Amino acid sequence: MTPKVATGFVIYRRVSNHIEYLLLQTSYGIHHWTPPKGHVDPGESDLETAYRETEEESGLIKSDIKVFEDTKKTLNYPVKGKAKVVHYWLAELTNPDANVKLSHEHKDYKWLPLEEACEIAKFEEMQKLFRDYEGYLIKDKHF
């Protein structure tokens with residue numbers, strides 16, 4: 001069976017001398033916390049989907065962020081017994097005046113430093129993703 005494919009961005013912002021990541025809390029199920037993401041529509045590229053879903057779920061538009069296209073990472077995990085694949089890219093919030101505006105799919109959002117983001121993300125794969133991206137930012141002096 002072909003897995004469901006979703007894409008999104010792990011969005012970070014610079015706050016004085018540290019990095020904070022955007023997490024959205026779902027308004028359904030166990031109300032888990034994730035970066036903005038969603039399913040790929042027919043005819044869309046993965047990157048187009050990530051931009052569309054980010055705008056739909058958080059209100060952040062393409063001109064609000066800078067995407068690091070060389071940072072694509074893939075998570076594979078089951079959802080309700082079915083395979084799911086999620087592709088993420090790292091993106092920096094470049095518009096300090098941009099405001100997060102949640103869709104009906106989410107009930108809250110938070111900007112959190114790495115360890116707090118990992119704590120509420122709960123899933124091991126997501127925690128590793130955050131840590132990998134933090135390492136990328138520090139190593140390549142993007143922060």
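In the predicted model, the buried residues of helix α2 are covered by elements that include strands β2 (18-26), β3 (33-34) and β7 (106-112), together with helix α3 (124-139). Helix α2 itself spans residues 114-121, and L114, A117, C118, I120 and A121 are its buried positions. An α-helix has 3.6 residues a turn, so residues three or four places apart point the same way. Just after α2, K122 adopts a positive phi of about 65 degrees.

Nonpolar side chains tend to be buried together in soluble globular proteins. In this chain, the largest nonpolar core comprises 24 residues, and V10, Y21, L23, Y88, L90 and F130 have the most contacts inside it. At least two residues of this core are supplied by each of β1 (4-15), β2, β5, β6 (82-93), α2 and α3. Helix α3 provides the largest share, namely six residues.

The surroundings of F130 illustrate the arrangement of this region. When neighbours within four places in sequence are left aside, F130 is in contact with L114, A117, C118 and A121, and also with V10, Y21, L23 and P35.

With regard to confidence, the chain has an average pLDDT of 92, and 98% of the residues score at least 70. Helix α1 (residues 46-58) shows the highest confidence, at 97, whereas strand β5 (residues 65-79) shows the lowest, at a mean of 92.

Notes:
Residues numbered from 1 in each chain as written. Predicted model: local features only at pLDDT ≥ 70, side-chain atom pairs only at ≥ 80, totals over all residues. Heavy atoms only, no water. Buried < 20%, exposed > 50% of the residue type's maximum accessible area, 1.4 Å probe, protein only. Helix = DSSP H or I, 4+ residues; strand = E, 2+ residues; numbered from the N terminus. Contact = heavy atoms within 4.5 Å. pLDDT = per-residue confidence, 0-100. Core = buried A, V, L, I, M, F, W, Y, C linked by side-chain atoms within 4.5 Å.
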